[in-house]
Amino acid sequence: MVLFVVLLVLAQVIRLTIPWFFGQAVNALQKNGMEGIAEARNDLLLMLAAVGVAWTLHGPARILERFTALLVASASRTRSTPRRWRSPVRWHEQHHSGETLQPHDRATASLASFAQSQFIYLQKR
């Protein structure tokens, strides 16, 4: 989890450079006119490189994020199933299976959803 958070943060930091590079390109053209075209080109190329690097970090981070979500859901189901089976038969007779299965499945799905959408919290802030 730490790895994908670090990758997502790095991707966001690199994305923050994109407007700066664009601004530098515009400044070069405004200050120097057509003589600043080479500098503006270089800034725009750096902007494109920043986009590529950000996506290169973001893609693997999302894959790790999804993998972590699957592990969280699997661990939750694996740990709770034996506990359900160990409940006394009398308890099972008095309680409908949906009373325990549905809330647990919703909690598991919520945990997995939270784990797989960490990038949203980084992008919105």
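## Overall architecture

Helices, taken here as DSSP runs of H or I of at least four residues, and strands, as E runs of at least two, are numbered from the N terminus. By that reading, the protein chain of this predicted model has 6 helices and 0 strands, and its elements run α-α-α-α-α-α from the N terminus on. Of the 125 residues in the protein chain, 26% are buried.

Helix 1 has 14 residues, and the span from its first C-alpha to its last reaches 20 Å, close to the 20 Å expected at 1.5 Å a residue. Its buried residues are Phe4, Leu7, Leu8, Ala11, Gln12 and Arg15. Seen down the axis of helix 1, these buried residues fall within an arc of 135°, so they line one face of the helix. Val2 and Leu3, on the other side of helix 1, are exposed.

Phe4, which lies in helix 1, has a relative accessible area of 1% and counts as buried because that value is under the 20% cut-off. Although Phe4 and Glu65 are 61 residues apart in sequence, their C-alpha atoms are 6.1 Å apart in space.

Leu10 also belongs to helix 1, but its relative accessibility of 41% makes it partly exposed. Together with Val2 and Val6, Leu10 makes a nonpolar surface patch of about 270 Å².

## The largest nonpolar core

The largest nonpolar core has 6 residues in all, namely Phe4, Leu7, Leu8, Ala11, Leu57 and Ala61. Two elements give two or more residues to this core, helix 1 (2-15) and helix 3 (37-86), and helix 1 gives the most, with 4 residues.

## Helix 2 and its surroundings

Helix 2, covering residues 17-32, has 16 residues and reaches 22 Å from first C-alpha to last, which is close to the 22 Å expected at 1.5 Å a residue. Ile18, Phe21, Ala25 and Ala28 are the buried residues of helix 2. When helix 2 is seen down its axis, its buried residues fall within an arc of 90°, so they line one face of the helix. On the other side of helix 2, the exposed residues are Pro19, Trp20, Gln30 and Lys31. Helix 2 is followed by Gly33, which has a positive phi, near 65°.

Ile18, placed in helix 2, has a relative accessible area of 19% and is classed as buried because buried means under 20%. Two C-alpha separations describe the surroundings of Ile18: the C-alpha atom of Leu48, 30 residues apart from Ile18 along the chain, is separated from that of Ile18 by 7.9 Å, while for Ala54, 36 residues apart from Ile18 along the chain, the separation is 9.9 Å. Leu48 lies in helix 3 and, with a relative accessible area of 55%, is exposed.

How many salt bridges does a search of the whole structure find? The search finds 1 salt bridge, and Glu65 forms a salt bridge with Arg62, with the closest N and O atoms 2.2 Å apart. Side chains of opposite charge can pair when their charged atoms come close. Both Glu65 and Arg62 lie in helix 3, 3 residues apart, which is about one turn of the helix. An α-helix has 3.6 residues a turn, so residues three or four places apart point the same way. Both Glu65 and Arg62 are buried.

Arg66, too, lies in helix 3, but with a relative accessible area of 42% Arg66 is partly exposed. Arg66 and Ser113 are 47 residues apart along the chain, and their C-alpha atoms are separated by 9.1 Å.

How values were computed
Residues are numbered from 1 along each chain as its sequence is written. This is a predicted model: local features need pLDDT of at least 70, side-chain atom pairs count only at pLDDT 80 or more; totals for chains, interfaces and linings use all residues. Side-chain values use heavy atoms; hydrogens and water are left out. A nonpolar core is a set of buried Ala, Val, Leu, Ile, Met, Phe, Trp, Tyr and Cys residues joined through side-chain atoms within 4.5 Å. Buried means under 20% relative accessible area, exposed over 50%, partly exposed in between (1.4 Å probe, protein chains only). A salt bridge is a side-chain nitrogen of Lys or Arg within 4 Å of a carboxyl oxygen of Asp or Glu. Patches are made of residues with over 30% relative accessible area and no salt bridge: like charges are joined within 9 Å, nonpolar side chains (Val, Leu, Ile, Met, Phe, Trp, Tyr) within 5 Å. Accessible areas come from the Shrake-Rupley method with a 1.4 Å probe; for residues, only the protein chains shown count as cover. The expected span of a helix is 1.5 Å times one less than its number of residues. The arc is that of the directions from the helix axis to the C-beta atoms.
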